[in-house]
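Hi everyone, thanks for making time this morning. Let me put the structure up on the screen, and then I'll walk you through a few spots.

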Amino acid sequence: MQSSPIRQALLLAGALLLNASLHAQNAVMGTSNTGNFTITGTNTANFFQTSPTTSSSGTTHYFLNNAGVYRWGLTTFNVENGTNQVGSDFSITGYDNTGAYLGQYMLMTRSTGYTAIGKESATAPAGWLQVRALANDPVSTLLLGFPVDPGTINVPLGGISGGYNIDFYTYRDVDNNEIGARIRAERLNAYAASNALVQSMDLAFSTSDGGGPADLTERMRIKSSGFVGIGTSNPQGSLQVMSPGAISPDSRTLMYLTNNANDYGHTTLMLTGRLEAGNDAWTFGDSARTAILFAT
């Protein structure tokens, strides 16, 4: 009896799927296998198990190959000792164009979840994230941002074109996302109005008293010029300290100069610089009001 066209099509499709889904060496589907096998094509599995052991130098469970040559390995590292989930840590290893081992690029400890990245990450990380860079590495240890991202070009001269935040959580009972402090690298248009082809960068530091998101307030800024402002985002000199309000008995002290001596000692404020003729003094205050004048 001749097969119907539908039957022939189904048989052909089944053969193609079987050929594309799994090519095995020393492997039997549905049973244990100690040999190597290669998965090709697209397939799904409800359960897949690799070697249950971990050697002291690491056991690679999955290799990512290119033309049959190792490129990456997903590996368990460090032998289990049966106590406190120590051992069988997760790592990613790299290989050169010949398949030779290059090093371990990431290690996550199973007992703590601590993670180390970097080629020198063979030993356990000491915190949640450790970037293992050598002191004489010629490249940056950490980069934030994207080099060809212009941000917002159409801003006024001196306007904000973008920035990058590093935020620190604090706790507020009615807000599960309370930011308590922030370090921000802020990009500013330094070229022309509505054409931010050159962008300078300031570094701003903000803190909050925890009252709510609106209480996160900038406290200090280092301008791209090197000028530092405390209480002002636009310092007019090397250091400018600005009070949030008038200095009065009911307000806060603008600046303290003190020492840590238990008995004798003194606090020194030294002002140095070259003065022009006719300008032979440092003046504190306004000549129209109470002022302190230090002659030089």
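Which residue forms a salt bridge with Asp202, with the closest N and O atoms 2.8 Å apart? It's Lys223. Keep in mind that this is a predicted model. The pair links distant parts of the chain: Lys223 sits in the loop between E12 and strand E13, Asp202 is in strand E11, and they are 21 residues apart.

Asp202 has another partner, by the way. Its side chain also meets that of Arg221 in a salt bridge, at 3.0 Å from N to O. Here too distant parts of the chain are linked, with Arg221 in strand E12, 19 residues from Asp202.

Now, are these residues buried or exposed? Asp202 is buried, with a relative accessible area of 2%. Arg221 counts as buried at 6%, and Lys223 is buried too, at 19%, because the cut-off is under 20%.

For contrast, look at Arg172 and Asp173, whose closest N and O atoms are 3.4 Å apart in their salt bridge. Arg172 is partly exposed at 27%, while Asp173 is exposed at 55%.

Last stop, the hairpins. Strands E5 and E6 run antiparallel, joined by 6 bridges, and Ser91 stands opposite Leu107 in E6. Five residues lie between the two strands, and Gly99 in the turn has a positive phi of about 90 degrees. E6 then forms a hairpin with E7, where Gly113 in the turn has a positive phi of about 85 degrees.

How values were computed:
Residues are numbered from 1 along each chain as its sequence is written. This is a predicted model: local features need pLDDT of at least 70, side-chain atom pairs count only at pLDDT 80 or more; totals for chains, interfaces and linings use all residues. Side-chain values use heavy atoms; hydrogens and water are left out. Two strands pair if DSSP finds at least two bridges between them. Helices (H or I, at least four residues) and strands (E, at least two) are DSSP runs, numbered from the N terminus. A salt bridge is a side-chain nitrogen of Lys or Arg within 4 Å of a carboxyl oxygen of Asp or Glu. Buried means under 20% relative accessible area, exposed over 50%, partly exposed in between (1.4 Å probe, protein chains only).
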